[in-house]
Amino acid sequence: MALGKPRYRVDLSSLQAVCETNFYRLRQLMPDMALKDECHILLSASGEQQRLVMQVLERCPYTTTLRLRHEKRHEWLTPPIMEVRLYHDARMAEVTVVHDRRRFQGVYPYPNEQMLQPDEKFQLNQFLGEWLGYCQRHGQSAQPVMINR
């Protein structure tokens with residue numbers, strides 16, 4: 001009898017914690033998203049000016065959908081483009097689209113034809129958090145920031 005790797009199980013509390021942190025980071029980077037359609041965060045990496053563009057795609061009473069894209073092109077790397085849905089009542093932000101892939105499952109069988117990791121959804125939300133954290137530490141707003149208190 002061969003022993004296989006244990007099946008991946010979603011750690012819901014960790015996923016929720018990442019999504020809650022992402023909500024607050026997005027609100028800090030774009031505090032006036034209820035009124036403003038676009039925000040630019042300037043980043044200086046390796047001596048070159050780069051930019052994170054945050055664009056509001058949809059506003060609803062309890063949700064807002066943003067598109068985040070890194071504006072600097074690289075020869076060997078496609079810059080990240082994500083759509084993120086903010087749930088204002090739950091105070092959570094979740095990655096819903098990466099490039100053209102939509103609706104991520106909590107768990108994927110592995111291996112699979114799409115080459116997705118078993119915890120793909122968690123990894124995408126964690127990457128978003130790291131990306132936003134980098135922008136908070138090293139970015140500058142291209143426009144004056146108005147903080148709502």
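Residues are numbered from 1 along each chain as its sequence is written, and side-chain values use heavy atoms, with hydrogens and water left out. Because the model is predicted, local features need pLDDT of at least 70 and side-chain atom pairs count only at pLDDT 80 or more, while totals for chains, interfaces and linings use all residues.

The largest nonpolar core has 27 residues. Such a core is a set of buried Ala, Val, Leu, Ile, Met, Phe, Trp, Tyr and Cys residues joined through side-chain atoms within 4.5 Å; buried means under 20% relative accessible area, exposed over 50%, and partly exposed in between (1.4 Å probe, protein chains only). L26, M54, L66 and L68 touch the most other members. At least two residues each come from helix 1 (12-29), strand 1 (38-45), strand 2 (48-59), strand 3 (63-70), strand 4 (81-87), strand 5 (92-98) and helix 2 (120-138). These elements are DSSP runs numbered from the N terminus (helices H or I, at least four residues; strands E, at least two). Helix 2 gives the largest share of this core, 5 residues.

M54 has contacts (heavy atoms within 4.5 Å) with residues including L26, L66, L68 and D37, not counting residues up to four places away in sequence. A second, separate core of 5 residues includes V18, C19, M92 and F122.

Strand 3 has 6 of its 8 residues buried. Two strands pair if DSSP finds at least two bridges between them. Strand 3 pairs with strand 2 in the antiparallel sense over 7 bridges, and a hairpin through 3 residues joins the two; V53 stands opposite R69 of strand 3. Strand 3 also pairs with strand 4, again antiparallel over 7 bridges, with T63 opposite Y87 of strand 4.

The model has 6 salt bridges, each a side-chain nitrogen of Lys or Arg within 4 Å of a carboxyl oxygen of Asp or Glu. One of them links R59 and D37 (3.0 Å, N to O). R59 lies in strand 2 and D37 in the loop between helix 1 and strand 1, so this pair ties together parts 22 residues apart in sequence. R59 is partly exposed at 36% relative accessibility, and D37 is partly exposed at 46%.

R51 and E71 also meet in a salt bridge (3.2 Å, N to O). R51 is in strand 2 and E71 in the loop between strand 3 and strand 4, so the pair ties together parts 20 residues apart in sequence. Salt bridges that share partners join R51, R69 and E71 into one network.
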